[in-house]
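Please keep the sequence and the structure in view while reading.

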Amino acid sequence: MDQAQQLRNVVKEKNIKKNPKIASDARVLTITSGKGGVGKSNLAVNLAIQLRKFGKRVIIFDADIGLANVEVMFGTNPNYNLNDMIYKGKSLKDIVSEGPMGVGFISGGSGIAGLNNLTAEQINLLLHNFSELDELADVIIIDTGAGISDSVLKFVANSPEVLLVTTPEPSSITDSYSLLKVLYQQPDFRPEQTKIQLVANKVLSVADGDALYDKLQLVVSKFLGGKLDYLGIVPMDMTLERAVRKQKVVSLEAPTSNAARAYGILADNLMHHEHKTLMMKKGISQFFSNLFSK
Ligand SMILES: Nc1ncnc2c1ncn2[C@@H]1O[C@H](COP(=O)(O)OP(=O)(O)O)[C@@H](O)[C@H]1O
Ligand SMILES: [Mg+2]
């Protein structure tokens with residue numbers, strides 16, 4: 001039996017409706033960057049932990065294929081990944097693993113590789129299953145791979161909220177701008193429906209972060225006619241580096257460190273924006289419906 005046939009069987013078995021109607025409330029945050037190694041996965045796991053401290057139910061969807069950063073930092077080896085849902089009929093609950101402090105996470109495995117080639121049936125299956133996340137989570141954090149690949153762009157273009165991680169290095173700023181430029185060229189990108197917020201990572205001071213935001217914000221408005229919001233900073237902190245080397249999450253390993261406190265402030269800032277953003281209520285089903293519609 002080939003994979004397409006397997007999938008048809010799964011769809012038949014589960015009696016997936018053609019157009020699943022889903023009530024959705026979860027908030028979707030997509031973390032991305034122009035280049036790798038700038039702190040996306042650390043933002044994903046630490047933000048998740050900090051949001052848990054505020055009582056939010058959080059699920060991380062690890063769409064950064066191959067590196068498995070989230071799994072490593074959570075010290076968990078998931079038994080399943082997205083492939084098990086798409087091809088083997090596993091339900092979403094089966095493929096959500098539990099990390100520290102009850103943070104859920106889904107491993108993308110190699111399931112994302114074929115994202116752009118999904119059939120209508122597969123889209124419906126995914127939609128059907130992802131809608132379960134609305135019941136399980138208040139916030140869904142998507143950790144994307146770096147750079148300008150088609151699947152990352154699709155995630156970002158269709159996400160209601162994007163967290164763009166940038167460091168003060170000139171190359172990081174240039175790469176962030178390049179990513180935004182390509183994003184603005186995507187046919188399915190609607191600037192007015194996407195809130196893009198800068199997270200200035202590895203800064204040496206508050207002023208350092210402000211300067212980074214000013215630079216990037218200026219080129220975005222001048223050359224793209226767009227808007228960039230500012231979520232805040234994470235300082236350069238050796239404690240974070242040491243935690244990562246021990247395969248630990250700094251917010252748990254050293255909760256009073258500068259980095260951990262900064263992630264706490266970012267989580268707080270995010271919650272204060274909660275009611276201000278029009279698109280937040282779009283939720284996961286809308287997000288995935290946009291993502292997979294042709
Ligand atoms: N705020 C920070 N302070 C010090 N080092 C950091 C900071 N953020 C990230 N790093 C370093 O950068 C590395 C890459 O971070 P990671 O979150 O894995 O990036 P990405 O997911 O974007 O590839 C980490 O292992 C850590 O050593
Ligand atoms: Mg990563």
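Helices (H or I, at least four residues) and strands (E, at least two) are DSSP runs, numbered from the N terminus. Two strands pair if DSSP finds at least two bridges between them.

## Basis of the report

This is a predicted model, in which local features need pLDDT of at least 70 and side-chain atom pairs count only at pLDDT 80 or more, while totals for chains, interfaces and linings use all residues. Residues are numbered from 1 along each chain as its sequence is written, chains are lettered from A and ligands numbered from 1 in the order in which they are written, and side-chain values use heavy atoms, with hydrogens and water left out.

## The hairpin and strand β4

In the hairpin of β3 and β4, five residues lie between the strands, and M101 has a positive phi near 55°. β3 and β4 run antiparallel and are joined by three bridges; S97 has F105 of β4 as its bridge partner.

β4 also runs parallel to β2, with four bridges between them, and F105 in β4 stands opposite I60. Which residues cover the two faces of strand β4 (residues 104–107)? G104 and I106 lie on one side, F105 and S107 on the other, and all are buried (under 20% relative accessible area, with a 1.4 Å probe and protein chains only).

## The sheet

Eight strands make up an open sheet of mixed pairing, in the order β3-β4-β2-β5-β1-β6-β7-β8. At the edges are β3 (96–98) and β8 (229–235), each of which pairs on one side only.

Strands β6 (residues 161–166) and β7 (residues 195–203) run parallel and are joined by six bridges. V162 has I196 in β7 as its bridge partner. Helix α2 packs on the sheet, where it touches β1 (27–32), β2 (58–63), β5 (139–144), β6 and β7; contact means heavy atoms within 4.5 Å. Helix α10 (residues 206–223) also packs on the sheet, touching β6, β7 and β8.

## The crossing of two helices

How do the axes of helix α2 (residues 40–53) and helix α13 (residues 258–273) cross, and at what angle? They come within 9 Å and cross at roughly 70°. Axes are lines fitted to C-alpha atoms, for helices over the stretch in contact, and angles run from 0 to 180 degrees between N-to-C directions. α2 and α13 are therefore roughly perpendicular to each other (65 to 115 degrees).

The residues in contact include L43, L47 and L51 of α2 and Y263, L266 and L270 of α13.

Definitions and conventions. Parallel < 35°, antiparallel > 145°, perpendicular 65-115°, else oblique. Buried < 20%, exposed > 50% of the residue type's maximum accessible area, 1.4 Å probe, protein only.
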